[in-house]
Every structure is written in structure tokens, then in C-alpha cells.
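I opened this notebook to record what I looked up in the structure. The entries follow in the order in which I made them.

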Amino acid sequence: MALSLYVDTARWRAHQKSVIDQFPGLIPVCKGNGYGFGHERLADEAARFGSDMLAVGTTYEAAKIKDWFGGDLLVLTPFRRGEEPVPLPDRVIRSVSSVDGVRALVGARVVIECMSSMKRHGVHEEELQQLHSAIEDVRLEGFALHLPLDRPDGTDAVEEVIGWMDRLRAARLPLHTMFVSHLRADEQARLQQQFPQTRFRARIGTRLWLGDHEATEYRGAVLDVTRVAKGDRFGYRQQKAASDGWLVVVAGGTSHGVGLEAPKAMHGVMPRAKGVARAGLATVNRNLSPFVWAGKQRWFAEPPHMQVSILFVPSDAEEPRVGDELVAHLRHTTTQFDRLVER
């Protein structure tokens with residue numbers, strides 16, 4: 001009895017191919033929990049479709065994935081002086097976001113991040129002249145731009161990249177490769193047409209692995225079902241049942257990521273209103289679970305436990321049975337499954 005990730009493998013791989021076909025030179029990203037699939041599985045997939053490079057989040061991830069992927073590994077977290085040294089092979093490429101970082105990586109393979117409108121990290125325009133001497137002692141793989149997902153001010157992603165291409169060219173820095181994130185396929189094609197001497201390589205994770213929502217599905221197995229009447233006490237805190245129904249113990253708890261939620265950026269009146277309503281219900285211990293039964297998301301009977309959740313199913317719904325599986329709407333990047341089932 002487990003929390004299972006079901007994968008329609010043929011459909012999942014067909015989606016991968018469609019993304020790869022749209023982005024020539026695509027670099028798959030495998031970071032965090034491997035987008036819900038795990039590092040080993042995504043490393044295998046990248047090798048299967050012939051990628052020469054795999055992007056990872058940290059040096060610790062690179063140290064693990066190097067045994068599963070034989071091509072180059074690009075570490076996305078920028079190097080910082082004083083960081084803990086991690087033994088890595090020569091095929092690992094470090095991202096660097098400062099002139100000082102470039103100077104500290106003598107002999108290393110590096111990608112230099114430029115400061116984009118994300119304003120997260122990167123070298124600034126006024127530092128470009130200092131890079132001339134700094135890059136003499138490293139093996140420069142190219143420059144990179146990590147771009148925002150949304151542009152409420154109406155700015156153009158392509159124009160932002162062109163601006164940096166012009167700055168780098170004016171500084172007479174090598175422009176053989178530009179690594180980009182969060183461009184559309186048509187935007188990358190426009191850039192490639194305008195700068196035919198530069199190879200644009202998109203670093204893509206979410207769109208590649210999770211772009212087809214119908215290719216994957218989480219399900220939690222029902223472990224126990226107990227009938228309760230209105231007013232019966234139950235659980236750790238001995239709360240009272242609000243009505244007649246069933247307490248359903250289902251596989252999937254906090255150790256799997258159930259009940260954990262990342263903050264979301266809300267836009268518009270309706271999403272904000274729903275957020276306020278959810279917060280209000282939570283104050284009276286009413287929390288909607290990710291598990292679906294008989295076509296409806298069901299309420300947690302109490303906060304999820306480490307490996308299971310207890311749901312309340314009212315008596316007007318069909319009684320769940322031990323062994324049934326409930327679909328669970330879970331975020332891949334925060335979920336750990338017990339087993340993966342290929343379909």
C-alpha cells in the first residue's frame with residue numbers, strides 16, 4: 001500500500017521529444033527532487049535522448065548524478081569563494097556570477113551569468129571590461145541569462161537578450177554560446193536567426209518533464225476505513241466528527257510532501273478571494289486535502305501524519321474500500337513517492 005506515481009511513459013516521452021524538437025541544443029535540467037521523478041530516472045532519460053549536457057542545481061547534486069550521467073554537468077548555483085569543496089570530475093561546468101568568482105576558478109570550465117531583469121545574480125555591464133583578463137585563466141563555455149517568467153510591464157524577453165548580446169559584443173567578449181532560460185521556442189529562433197554565429201542553448205526543466213499534465217498521476221492507496229457518527233471523537237486531538245461518514249486512512253503524509261505547500265504569487269481578485277477563504281477555513285481546522293474521491297477533493301479529518309493522511313468522507317458519498325486508490329493533486333517538485341508505476 002503506497003503513494004504511487006503513475007507514468008504514461010509513451011506519452012511522457014512523446015512530450016519530451018516535442019520540446020526537444022522545438023529547442024535545438026536543449027539542456028535538460030535535473031535539480032531538487034528531480035521534478036518528482038528522482039535524479040537517477042531523469043539522468044537516464046537525458047542519456048536516452050542523447051543529451052550531451054545535464055544541468056543540476058548544486059555541486060552536491062553533481063557529485064551524485066555524475067555516476068548516472070556520462071556527459072557534461074552544468075551546476076546552476078553560482079560559485080562563491082569559501083564554499084565547501086566537493087570533489088568533481090573535469091566534465092563539471094561551474095556557473096559564475098562575479099568577476100571575483102571567475103578569478104577564483106583558475107583552470108575550471110565556467111559559464112558566466114549576466115544580471116538579468118530577475119535581479120538575482122550575475123555580472124553587471126560595468127564589470128565586463130574586467131572579465132577580459134579574468135577569462136584568460138578559465139575555460140569559458142559561454143555566457144548565460146536567466147529570465148523572468150512573467151513580464152507585467154510589457155517588456156520583451158528577446159530585446160533583453162539582444163541588449164546583453166550587444167553589450168558583450170561591445171566589450172569584445174567571446175559570444176560562441178549563450179545559455180538561456182524561460183524563452184519561448186519562437187523567441188529562441190528569432191535570436192538564433194539574428195545571431196547565427198552564436199549557439200543558443202535553452203536550459204529547461206519544468207516544461208520538459210512536467211509540461212504534459214495528463215502523462216502523470218499520483219494516487220494514494222486506502223489503508224483503512226472506519227465508520228463514524230456525528231459527534232464521535234477521533235484522532236490525536238480527539239476532535240468530534242461534524243457528521244456521519246467515514247474516516248479514510250490513505251497512503252501519503254508529510255514525509256511524502258502531502259500537506260506542504262509553497263507560497264504562490266496571486267494575480268486578480270478571484271484567486272486572492274479564494275486564498276482568503278482557504279485561510280479562514282484553516283483557522284477552524286478545515287483544510288482541503290489533495291486527495292479526490294467520488295469526483296471531489298476531500299477534507300483532511302486532521303493534519304496529515306508522517307506517512308498517511310486521514311480524510312473525512314461524508315455518508316452521502318460512496319464508501320471507500322481498503323485497496324482503492326485516490327487520485328492526489330500534488331506538486332511534483334515537493335513530492336516523494338513510494339513507487340513509480342509505468343503504464
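**Salt bridges**

I began with the side chains of Arg321 and Glu319, which meet in a salt bridge with an N to O distance of 3.4 Å; the model is a predicted one. Glu319 counts as partly exposed, at 26% relative accessibility.

I then looked up Glu217, whose side chain meets that of Arg219 in a salt bridge at 2.8 Å, N to O.

A search of the whole structure gave me 24 salt bridges. I noted the one between Glu342 and Arg41, at 2.6 Å from N to O. This pair links distant parts of the chain: Glu342 belongs to strand E18 (residues 339-342) and Arg41 to helix H2 (residues 39-48), 301 residues apart. Are the two partners buried or exposed? Arg41 is buried, because its relative accessible area of 16% is under the 20% limit. Glu342 is partly exposed, with a relative accessible area of 41%. Both residues belong to a network of salt bridges that also links Arg13, Glu45 and Arg48.

**Helix H6**

I checked the length of helix H6 (residues 157-170) next. At the start of H6, I found a side-chain oxygen of Asp156 within 2.7 Å of the backbone nitrogen of Val158. Arg172, which follows the helix, has a positive phi, near 55°.

I listed the buried residues of H6, among them Val161, Ile162, Trp164, Met165 and Leu168. Against which elements do the buried residues of H6 pack? They pack against helices H5 (128-134) and H7 (185-194), and against strands E7 (139-146), E8 (177-181) and E9 (199-204).

**Nonpolar cores**

The largest nonpolar core has 88 residues, of which Phe37, Ile112, Leu131, Phe143 and Leu168 touch the most other members. H6 gives the most to this core, with seven residues. I also noted a second, separate core of nine residues, including Ala241, Val249, Ala301 and Val308.

For Phe143, I looked up the contacts beyond four places in sequence; including Val111, Ile112, Leu131, Leu168, Pro174 and Phe179.

**Annotated domain**

Finally, I consulted UniProt, where an unreviewed entry lists residues 15-153 as "domain: Alanine racemase N-terminal". In the model, residues 15-153 are 27% helix and 20% strand, and the end C-alpha atoms of the span lie 31 Å apart.

Note on methods: Residues numbered from 1 in each chain as written. Predicted model: local features only at pLDDT ≥ 70, side-chain atom pairs only at ≥ 80, totals over all residues. Heavy atoms only, no water. Buried < 20%, exposed > 50% of the residue type's maximum accessible area, 1.4 Å probe, protein only. Helix = DSSP H or I, 4+ residues; strand = E, 2+ residues; numbered from the N terminus. Contact = heavy atoms within 4.5 Å. Polar contact = N/O pair within 3.5 Å; in protein donor to acceptor, adjacent residues only side chain to side chain. UniProt positions renumbered as here; feature names shortened; annotations may be inferred. Core = buried A, V, L, I, M, F, W, Y, C linked by side-chain atoms within 4.5 Å. Salt bridge = Lys/Arg side-chain N within 4 Å of Asp/Glu carboxyl O.
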